[in-house]
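Here are my notes on the model you sent over, as numbered points. Have the structure open while you read.

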Amino acid sequence: MNRPTIAITMGDASGIGPEVIMKALSQPAVQEMCNPLVVGDAERLRTAGRIVGSPLRVESLDDAAKVRFEPGTVNCVDLKLIPKDHPFGQVSAISGEGSFRYIERAVRIVEAGEADAICTAPLSKEALHAAGHKYPGHTELLAMLTGTPEVSMMLVSPKLRVIHVTTHMGLIDAVERIEPGLVERTIARGHDTLVKAGIASPKIGVCAINPHAGENGLFGRGEEAAKITPAVEACKAKGWDVTGPLPADTLFFLAGRGDYDMVVAMYHDQGHGPIKVLGLEAGVNITVGLPVIRTSVDHGTAFDIAGKGIADERSLIEALRQAADLAPKRVAA
């Protein structure tokens with residue numbers, strides 16, 4: 001088997017993305033697990049390399065098909081969008097435009113068969129919007145670029161997997177959006193992903209919306225019975241091991257000790273909180289349902305420390321590992 005080629009998008013050039021990329025690609029373990037191909041700006045990577053003290057040379061490419069993977073070299077499909085003196089740590093429409101174009105190009109590279117998966121460094125939603133791209137984040141942007149009508153966000157840490165029914169919307173809007181069909185489709189995407197990953201019969205726990213799962217109607221307005229239970233019953237009818245709706249606090253405790261292979265969270269913070277408590281540096285974001293494999297770091301642009309050389313690269317390394325594991329395997333000729 002050949003190592004998969006992973007297209008790594010540079011993310012927001014004003015954030016820590018360039019630094020964590022240069023740090024991660026300096027690790028021999030990363031070079032052993034995949035062939036990394038950065039989609040971004042070569043000069044920005046060189047600047048980040050100097051900041052973090054990386055010994056790697058950055059090779060500028062105008063075409064992914066021309067890449068040659070050589071020791072000591074970071075290959076970058078160079079879009080040349082970021083001025084040389086562009087500041088770190090500030091929201092910028094220039095960086096927002098860049099982060100959009102990197103994702104757009106990476107999708108086309110994978111569709112052309114020149115890479116096997118995408119791994120994304122963080123972008124700034126504010127900068128993305130300042131550049132005129134009104135998407136809530138990577139997940140929705142990738143869905144648009146690939147023509148995918150519906151996708152799910154899955155967060156993975158060493159002790160926990162969480163898939164989200166809703167993500168980037170206010171809590172009131174999220175509760176309104178939740179309905180049995182969406183819950184069932186979300187469970188199905190998570191179930192299929194785990195089966196493909198080698199878990200033949202995954203045990204799935206489904207969160208309630210309200211405290212104590214509504215306490216038989218005492219809390220909330222009957223959301224559990226109306227919005228969640230029908231989806232759980234439909235999945236059980238398929239022979240899947242699905243339980244819920246369960247109180248979220250209890251379910252995450254049980255999942256953390258290994259009783260469940262995956263938790264289905266109803267809204268953003270319900271799922272993100274436990275993952276980040278368990279260790280932000282090891283968390284990975286996987287977009288489930290796309291025609292291309294996409295993983296991501298589970299942290300933001302960290303403008304407050306960008307350009308200082310102190311950003312932690314471990315989440316990117318884990319995201320690359322997940323991308324390499326999930327990528328279609330090529331057989332050597």
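1. Start with Arg44 and Phe88: the charged end of Arg44 sits over the ring of Phe88, at 3.8 Å from the ring centre. Keep in mind that this is a predicted model.

2. On to the salt bridges, which number 18. One of them brings together the side chains of Asp62 and Lys66, with an N to O distance of 3.1 Å.

3. Is Arg185 buried or partly exposed? Its relative accessibility is 37%, so Arg185 counts as partly exposed.

4. Another salt bridge joins Asp259 to Arg257, at 2.9 Å from N to O. Asp259 has 28% relative accessibility and therefore counts as partly exposed. Arg257 comes out at 55%, so that residue is classed as exposed. Elsewhere, shared partners tie salt bridges into one network made up of Glu150, Glu179, Arg185 and Arg189.

5. The largest pocket holds about 540 Å³ of space. It is lined by 22 residues, and those closest to its centre are Thr193, Leu194, Ala197, Ile286 and Leu326. Two or more lining residues come from each of strand 6 (152-157), helix 8 (180-196), strand 11 (284-288) and helix 12 (314-326). Which element gives the largest share of this lining? That is helix 8, with 5 residues. Sorted by class, the lining of the largest pocket has 12 nonpolar, 4 polar and 6 charged residues.

6. The second largest pocket has about 370 Å³ of space. Among the 20 residues in its lining, Lys125, His168, Asn285, His299 and Gly300 are the closest to the centre. Helix 6 (138-146), helix 11 (268-279) and strand 12 (294-297) are the elements that supply two or more residues to this lining. By class, the lining of the second largest pocket splits into 4 nonpolar, 12 polar and 4 charged residues.

How values were computed. Residues numbered from 1 in each chain as written. Predicted model: local features only at pLDDT ≥ 70, side-chain atom pairs only at ≥ 80, totals over all residues. Heavy atoms only, no water. 1 Å grid on protein atoms, 1.4 Å probe; cavity = no way out; pocket = protein on both sides within 12 Å on 5 of 7 lines; lining within 4 Å. Points joined across faces, edges and corners; volume = space filled by probe spheres on them. Helix = DSSP H or I, 4+ residues; strand = E, 2+ residues; numbered from the N terminus. Nonpolar A, V, L, I, M, F, W, Y, C, P; charged D, E, K, R; others polar. Lys NZ or Arg CZ within 6 Å of the ring centre and 35° of its normal. Salt bridge = Lys/Arg side-chain N within 4 Å of Asp/Glu carboxyl O. Buried < 20%, exposed > 50% of the residue type's maximum accessible area, 1.4 Å probe, protein only.
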